[in-house]
Amino acid sequence: MRGRPIPASSGKTRRHRRRRGGDRDANKALHLAVVVWMRFCPHTRAYVERRTTEGLPKPEIRRCSKRYLAREVYHALVADFEALHAP
């Protein structure tokens, strides 16, 4: 059962996560990019401020931002790959 989510709930929070395996260097790069975004990017700072007022803790905001960035990077990589292999 490789792709099945693992429960990562505590207290009132109900959440699941994927397995921790994978490319640790890529995970570190995503983490660093999100930390820099949260500190310097005006759009991300506004997002962090809005989510903080909604009651989310910083680690949860960082997790959501990493997911957003990972999707953006994935779509950019797929587009580059398709452009490279286009007839």
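Helices, as counted here, are DSSP runs of H or I with at least four residues, and strands are runs of E with at least two, both numbered from the N terminus. The model is predicted.

**Exercise 1.** State how many helices and strands the protein has, and in what order they follow one another.

*Solution.* Counting the runs gives three helices and two strands in the protein. Reading from the N terminus on, one then finds the order β-β-α-α-α.

**Exercise 2.** Determine how helix 2 and helix 3 are oriented to each other, and which hand their crossing has.

*Solution.* Begin with the geometry: helix 2, residues 42-53, and helix 3, residues 58-84, pack at an angle of about 135°, and their axes lie 10 Å apart. Angles over 145 degrees would count as roughly antiparallel and those from 65 to 115 as roughly perpendicular, and helix 2 and helix 3 are therefore oblique to each other. The crossing of these two helices is right-handed.

From helix 2, the contact is made by Tyr47, Val48, Arg51 and Thr52, and from helix 3 by Lys58, Ile61, Cys64 and Ser65. Sorted by class, the residues of this contact divide into four nonpolar, two polar and two charged.

**Exercise 3.** Describe the protein as a whole through its burial, its surface and the sequence separation of its contacts.

*Solution.* Finally, among contacts with a separation of 6 or more, residues 24 or more positions apart account for 33%.

Conventions
Residues numbered from 1 in each chain as written. Predicted model: local features only at pLDDT ≥ 70, side-chain atom pairs only at ≥ 80, totals over all residues. Heavy atoms only, no water. Contact = heavy atoms within 4.5 Å. Axes fitted to C-alpha atoms, helices over the stretch in contact; angles between N-to-C directions. Parallel < 35°, antiparallel > 145°, perpendicular 65-115°, else oblique. Left-handed = near helix turned anticlockwise from the far one by under 90°. Nonpolar A, V, L, I, M, F, W, Y, C, P; charged D, E, K, R; others polar.
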